[in-house]
Amino acid sequence: MSLHPGTGPSGYSPPPTSVGRPLAPAPGVSTPELLIAKIRGRRPALILSALALIAVAAAAGYFYDNLPAPFENWMLLAAAAVVIFVLVFLPFLAWRAHVYTITTRRVIERSGLFVTRRRELAHVRGYSVQMRRGPLQRLAGSGTLILSNGVDAPMRMTRVPQVALVHEVLIDQVEVNQILAHRDGQAPLES
């Protein structure tokens with residue numbers, strides 16, 4: 001049996017780091033935390049916000065300089081600004097403020113406009129991943145993921161785009177982290 005250059009005594013050669021998964025760290029060496037994905041849920045309400053913006057702009061354009069006698073143009077513009085703030089800007093900020101971050105060590109949920117709430121779930125502790133998809137979510141390719149470790153309240157990741165891919169990534173991360181933790185927990189072999 002001939003070994004190719006770079007292969008170990010068993011004939012196995014680890015894959016290059018430029019393609020596929022990165023190399024596993026040496027036992028006992030901590031790995032850096034890498035960002036896998038940042039996810040903001042799909043927001044169907046933003047479609048209604050966009051329609052409201054178009055309707056308010058059209059109404060303001062039509063009624064500008066066309067108002068009945070007791071009303072003035074500044075009143076129309078002020079009312080349009082309030083409606084846009086409530087129906088367009090606030091829903092956008094709420095959508096923008098809720099983000100799920102998946103790293104190589106944990107899942108982080110951050111939400112809140114004025115008071116930020118943060119939750120974390122470590123991959124190494126292990127958790128179950130349940131996927132739920134309704135008929136419209138199937139058409140859109142989105143869904144809800146429920147992450148439960150059996151101790152804390154479940155983390156619900158709602159309106160996740162490409163939910164099947166995110167589901168697989170989470171399962172892979174739990175498996176890899178548990179394998180590395182098990183390997184690091186084993187007593188070193190003495191020769």
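In which strand does Ser128 lie? In this predicted model, Ser128 belongs to strand 5, which covers residues 128-132. The residue is partly exposed, with a relative accessible area of 42%. Leaving aside residues up to four places away in sequence, Ser128 is in contact with Ile146, Leu147 and Ser148. A further spatial relation concerns Pro154, which is 26 residues from Ser128 along the chain; the C-alpha atoms of these two residues are separated by 9.5 Å.

The protein chain as a whole contains four helices and seven strands, and these elements follow the pattern β-α-α-β-β-β-β-α-β-β-α when read along the sequence. Of the 191 residues in the protein chain, 24% are buried. The accessible surface amounts to about 13200 Å², and carbon and sulfur atoms account for 64% of this area. Among contacts between residues at least 6 apart in sequence, 50% join residues at least 24 apart.

Strand 6 (residues 142-148) and strand 7 run antiparallel and are joined by five bridges; Ile146 has Arg156 of strand 7 as its bridge partner.

Within helix 4 (residues 163-185) is found His167. The relative accessible area of His167 is 14%, and the residue therefore counts as buried, since the cut-off for burial is under 20%. Beyond residues up to four places away in sequence, His167 touches Val129, Met131 and Leu145.

The structure holds six salt bridges. One of them pairs Glu33 with Arg106, with the closest N and O atoms 2.6 Å apart. Glu33 is located in the segment before strand 1 (35-39) and Arg106 in strand 3 (residues 106-111), so this pair ties together parts that are 73 residues apart in sequence. Both partners are partly exposed, Glu33 at 30% relative accessibility and Arg106 at 23%. Arg106 also forms a salt bridge with Glu120, for which the closest N and O atoms are 2.9 Å apart. Because Glu120 lies in strand 4 (residues 117-122) and Arg106 in strand 3, the pair ties together parts that are 14 residues apart in sequence. Glu120 is likewise partly exposed, having a relative accessible area of 40%.

Another salt bridge is formed by Arg125 and Asp152, whose closest N and O atoms are 3.9 Å apart. This pair links distant parts of the chain, 27 residues apart: Arg125 is in the loop between strand 4 and strand 5, and Asp152 is in the loop between strand 6 and strand 7. Arg125 is exposed, with a relative accessible area of 52%, whereas Asp152 is partly exposed at 39%. Through shared partners, salt bridges join Glu33, Arg106, Arg118 and Glu120 into one network.

A nonpolar patch is also present on the surface. It consists of Val82, Val83, Phe85, Val86, Leu87, Phe89, Leu90, Leu113, Phe114 and Val115, which together have about 960 Å² of accessible area. Val86, one of these residues, lies in helix 2 (residues 73-97) and is partly exposed, at 44% relative accessibility.

Note on methods: Residues numbered from 1 in each chain as written. Predicted model: local features only at pLDDT ≥ 70, side-chain atom pairs only at ≥ 80, totals over all residues. Heavy atoms only, no water. Patch = residues over 30% accessible without salt bridge, like charges linked within 9 Å, V, L, I, M, F, W, Y side chains within 5 Å. Areas by Shrake-Rupley, 256 points an atom, 1.4 Å probe, with all protein chains shown as cover. Salt bridge = Lys/Arg side-chain N within 4 Å of Asp/Glu carboxyl O. Helix = DSSP H or I, 4+ residues; strand = E, 2+ residues; numbered from the N terminus. Buried < 20%, exposed > 50% of the residue type's maximum accessible area, 1.4 Å probe, protein only. Contact = heavy atoms within 4.5 Å. Pairing = 2+ DSSP bridges.
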